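Let's walk through this model together, starting with the whole chain and ending at single residues. Have the viewer open as you read.

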Amino acid sequence: MGFQNPFIDNNNNNNSSNNNSSQNFGPLLALWGTVVSTLGDTMQVIGGAIAIEESNIADQQQQQELQNLQSQIDELKKAQTSPDIDKFNKLLELVLNRLEPADNPKKSTNHK
């Protein structure tokens, strides 16, 4: 016959048949327990791998954002030191240099 459930009595009152069923049930239960445990371990490993991959993706996105921010900072620094500002600063220095003698008149050379 095919598979017989050890919990259901199929009107087989033969002691050797019942004895074999109970002897086979223990190893069968252990086998199923091992299979379920192995599936659980496999799912745990897969879950860990997914978590690591998600962490790597988040790190890459954060690194990309930092690079974008750094490039924006670099662009702002370049804009601060543009040639127009440099020309303006040189012109301002020339004006200040010309104004300095007017603010500090030379000592008179007249001696009494």
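This is a predicted model: local features need pLDDT of at least 70, side-chain atom pairs count only at pLDDT 80 or more; totals for chains, interfaces and linings use all residues.

Turning to burial, 1% of the 112 residues of the chain count as buried. As for secondary structure, you will find two helices and zero strands.

Now follow the chain to helix α2, which covers residues 83–103. A nonpolar patch lies on the surface here, formed by F88, L91, L92, L94, V95, L96 and L99. Together these residues have about 660 Å² of accessible area. Let's pick out L91, one of the patch members. L91 counts as exposed because its relative accessibility is 51%, and the cut-off for that class is over 50%.

Another residue to look at in helix α2 is I85. With 35% relative accessibility, I85 counts as partly exposed, since that class lies between the 20% and 50% limits. Which residues does I85 touch, leaving aside its neighbours within four places in sequence? I85 is in contact with A79 and Q80.

Terms used:
Residues are numbered from 1 along each chain as its sequence is written. Side-chain values use heavy atoms; hydrogens and water are left out. Patches are made of residues with over 30% relative accessible area and no salt bridge: like charges are joined within 9 Å, nonpolar side chains (Val, Leu, Ile, Met, Phe, Trp, Tyr) within 5 Å. Accessible areas come from the Shrake-Rupley method with a 1.4 Å probe; for residues, only the protein chains shown count as cover. A salt bridge is a side-chain nitrogen of Lys or Arg within 4 Å of a carboxyl oxygen of Asp or Glu. Helices (H or I, at least four residues) and strands (E, at least two) are DSSP runs, numbered from the N terminus. Buried means under 20% relative accessible area, exposed over 50%, partly exposed in between (1.4 Å probe, protein chains only). Contact means heavy atoms within 4.5 Å.
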